[in-house]
Amino acid sequence: MAFDDLEVAANSAVIGALANAEAVFGGGVSVRGIFEAPGVRALGAVNAAVPTFTFIKPETLDVARGDTLSIGTKLYMVSAVEADDAGLLTIGLSA
């Protein structure tokens with residue numbers, strides 16, 4: 001098994017074990033992932049105290065700054081997008 005395949009498998013296992021929320025994006029696509037309440041986290045070159053949502057990006061979903069999604073009953077706007085090479089995506093959220 002190639003390293004890239006191991007990374008994808010590890011990401012899937014982590015999200016599967018730690019997912020604590022479901023996000024529904026504006027287009028109706030829903031994904032399970034890890035929601036983290038505000039805390040200082042580096043997103044790109046910016047340190048920000050924003051909620052984040054980390055998930056495995058489905059091929060059918062494009063995410064960009066300004067997109068909206070809901071987690072539970074709360075509506076958020078995507079303020080930052082950070083991807084890795086194995087399909088894992090972390091987005092910064094603003095209310």
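Colleague: How many residues lie between β7 and β8 in their hairpin, and what is the phi of glycine 87 in the turn?

Modeller: This is a predicted model, in which local features need pLDDT of at least 70, side-chain atom pairs count only at pLDDT 80 or more, and totals for chains, interfaces and linings use all residues. Residues are numbered from 1 along each chain as its sequence is written, and side-chain values use heavy atoms, with hydrogens and water left out. Strands are DSSP runs of E, at least two residues, numbered from the N terminus. The hairpin has four residues between β7 and β8, and the phi of glycine 87 is positive, about 90°.

Colleague: Which residues stand opposite glycine 92 in β8?

Modeller: Strands count as paired if DSSP finds at least two bridges between them. β7 (residues 74-83) runs antiparallel to β8 with six bridges, and β5 (residues 52-56) does likewise with five. Glycine 92 faces alanine 80 and threonine 52.

Colleague: What is the strand order of the closed barrel?

Modeller: The barrel has six strands with antiparallel pairing. Its order is β1-β2-β5-β8-β7-β6.

Colleague: How many residues of β8 are buried?

Modeller: Buried means under 20% relative accessible area (1.4 Å probe, protein chains only). β8 spans residues 88-94 and is mostly covered. Of its seven residues, the buried ones number six.

Notes:
Buried < 20%, exposed > 50% of the residue type's maximum accessible area, 1.4 Å probe, protein only.
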